[in-house]
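I opened this model to look up how its parts touch. My notes follow.

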Amino acid sequence: MIGDSSSREKAEAFLLREARLLDEAQYEQWLALFTQDAWYWVPSQAGQTSPRDTVSLIYDDRRLLETRVRRLLNPSIHAQNPPSRSSRIVANVTLETDRDDGILETRSKLLLTEYRRNRLRTYAGTAWHRLVRDGKAAFRIASKRVDLIDCDGELEGLVVPL
Amino acid sequence: MGVDAMLTHQSLRRLVEPGRVHRSLYTDPQIFALEMERIFGAAWIYVGHESQVPQVGDFVATRIGLKPIVLVRHEDGKVYALHNQCAHRGAMVVAPEAGNAHEFRCCYHGWTYHTDGRIKSIPLQHGYPACLDPKDPKLAMVQVPRVTSYRGFIFASLATDGPDLQEFLGYAATSLDDMVDRAPDGEIEAAGGVFKHAYNGNWKLYLENLCDAAHPLFVHQSSIEAAKAQADTVHSDGSGEIAVRQMRQNAAPYSFWESQVGIWTYTNGHSFLGDYHDDAKLVAAMNDPVFRDYIAKLEARKGKERAKKILEVRRWNTNVYPNLSFMSQFQQLRVVHPVAPNRTVVYTYNFRLKGAPEAMFEQTIAFANIVNGTGSLVLTDDLETYGRIDAGLSSEGAEWLQIGRGFTSDTADATGGVRGKNSTSEVYIRNMYDAWLTYMTGEGQPVRAAAQ
């Protein structure tokens, strides 16, 4: 089963499901996709090698990711009043590694359009998921990195997860 | 009341009253243009840190107000600030954000400059009239007339005359001292990347928010509540722990701000919030092994007594008007770049304390992510608020904006400034408008006037 085309297809189906949860603002279900020691990272520099020695647009360990999700659901989040609507295209999914210990790494392209208060914003970049097999059909996200093409540009606040 | 077509000193003065300011100060394009000329064209503007250009030929792009500037270390060892414009046809000469060069060459017709801005060569020079003098300092990448650094922090002024940097900084220089003194080796360096966040709102709003002790409970309510509900048993690699702790700290009640925190203001618009976090509360917790290691290193280099004195300085944000705000205790520095009356970009930097444990710098980075990060759970609500102010000011609601909190209780301070009764006083905004009036009209309006 390792490395066969169905692994890529299953991973892709999982990534599409993740994108759908985010589009639908189902943040608790999105959080449930992550492992208990997962991290979620949006670097501030192209080719950034570490979240420890350089600032990141987002760098959440599991604890902060939970807090992020709880804030997104908090009615007093001003930056989401009114809330955004978002639309994600996930494409060009490739399987980068497929290990026999159940760990897969995928690379995919993300095109996210966010609408809020009469404005559209676009985010484009490459997502790197490290997935662990969780039973026969499912995966969990052990880590997710999103490299935005404008990561080092002048950006307005990032509130909706990428 | 509208703004006069021609903004006279008198009409500008009518916009600032002792406890309130006119809304047009945040929206009017004419006022913005005058601010760029009279404030950003006159004051000492922070342009960078020596550690960003350590070697001969090192340069970084920056700006003074709306003007693109190159900060560069010349072969004489001095740092120059050059207008990033070719003397020939006006093209921007230096395109990268940073780098090292032995000369600057314009992409258009190859005019080439020394790194202090002087002309090095002009292709087809024989075709120009004899009066074209390549030694003319105005036929150059023109130097900003004054560039001075204070303990590594470089400031530049577009004005040839005016107070020197030390006089301009006044007592606020002690916050820069605090930033450097905390380094066991006595030096700091800019490191760890930069955030560049943008918002639709006036540049003054940013500085006015940074010493505002009364906003966190409302602006940051969502992150406060989310952090309070967070279980500490959930896995953290350390970064989330720092972030959650900081968000909870934003929940400090008014009684804390009114009893334990002070606000100090000084001539030229500078201010700082002081007596804020003691080290037991935040990143650098005394029982944290990293911080204990740091203290040991600081004591080893400076001696126990001196180290104690250094760590006793507890300042939150210090504002150096008009474009700098920094947190000496946590090695954070923000530079405010006005873009338009309703558009501002802020660059934020971190500093490494030389001689401190590397793990401490990692804490600085984690702290930066939550306090200054573009995707921070905290900052994003501040950015939203600036945008709401801009949207609100487009209405025809209240004509005057209130800055009078604590107005009758401002007092002179032994350090030469004016102190608010406590940190919830808006004295630091009144103080910035005193500086604003002085730059814009040549005459200020002492913030203490009402108390007398």
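This is a predicted model: local features need pLDDT of at least 70, side-chain atom pairs count only at pLDDT 80 or more; totals for chains, interfaces and linings use all residues.

**Entry 1: domains of chain B.** The centres of domain 1 and domain 2 of chain B, taken over C-alpha atoms, are 33 Å apart. I then checked the bounds: the domain assignment puts domain 1 of chain B at 45-157 and domain 2 at 171-451.

Next I looked up their contact. I found 11 residues of domain 1 of chain B in contact with 13 residues of domain 2 of chain B. On the domain 1 side, strand β3 (residues 45-49) of chain B gives the largest share, 3 residues. I sorted that side by class and got 4 nonpolar, 5 polar and 2 charged residues.

**Entry 2: chain A against chain B.** Here 35 residues of chain A contact 41 residues of chain B. On the chain A side, β1 (34-43), β2 (56-61) and α3 each give two or more residues. Which element gives the most? I found α3(A), with 8 residues. By class, the chain A side has 11 nonpolar, 11 polar and 13 charged residues.

Entry 3: I followed α3 to its partner. Helix α3 (residues 62-72) of chain A packs with helix α7 (residues 221-228) of chain B at an angle of about 130 degrees, and their axes are 8 Å apart. That angle makes α3(A) oblique to α7(B). I noted the crossing of α3(A) and α7(B) as right-handed.

I listed the residues last. From α3(A), A:T67, A:R70 and A:R71 meet B:S222, B:S223, B:A226 and B:A227 of α7(B). By class, this contact has 2 nonpolar, 3 polar and 2 charged residues.

Methods: Residues are numbered from 1 along each chain as its sequence is written. Chains are lettered from A and ligands numbered from 1 in the order in which they are written. Axes are lines fitted to C-alpha atoms, for helices over the stretch in contact, and angles run from 0 to 180 degrees between N-to-C directions. Helices (H or I, at least four residues) and strands (E, at least two) are DSSP runs, numbered from the N terminus. Angles under 35 degrees count as roughly parallel, over 145 as roughly antiparallel, 65 to 115 as roughly perpendicular and the rest as oblique. A crossing is left-handed if the near helix is turned anticlockwise from the far one by less than a right angle, and right-handed if clockwise. Two residues are in contact if their C-beta atoms, placed from the backbone, lie within 7 Å. Ala, Val, Leu, Ile, Met, Phe, Trp, Tyr, Cys and Pro count as nonpolar, Asp, Glu, Lys and Arg as charged, and the others, Gly among them, as polar. Domain bounds come from an automatic or database domain assignment.
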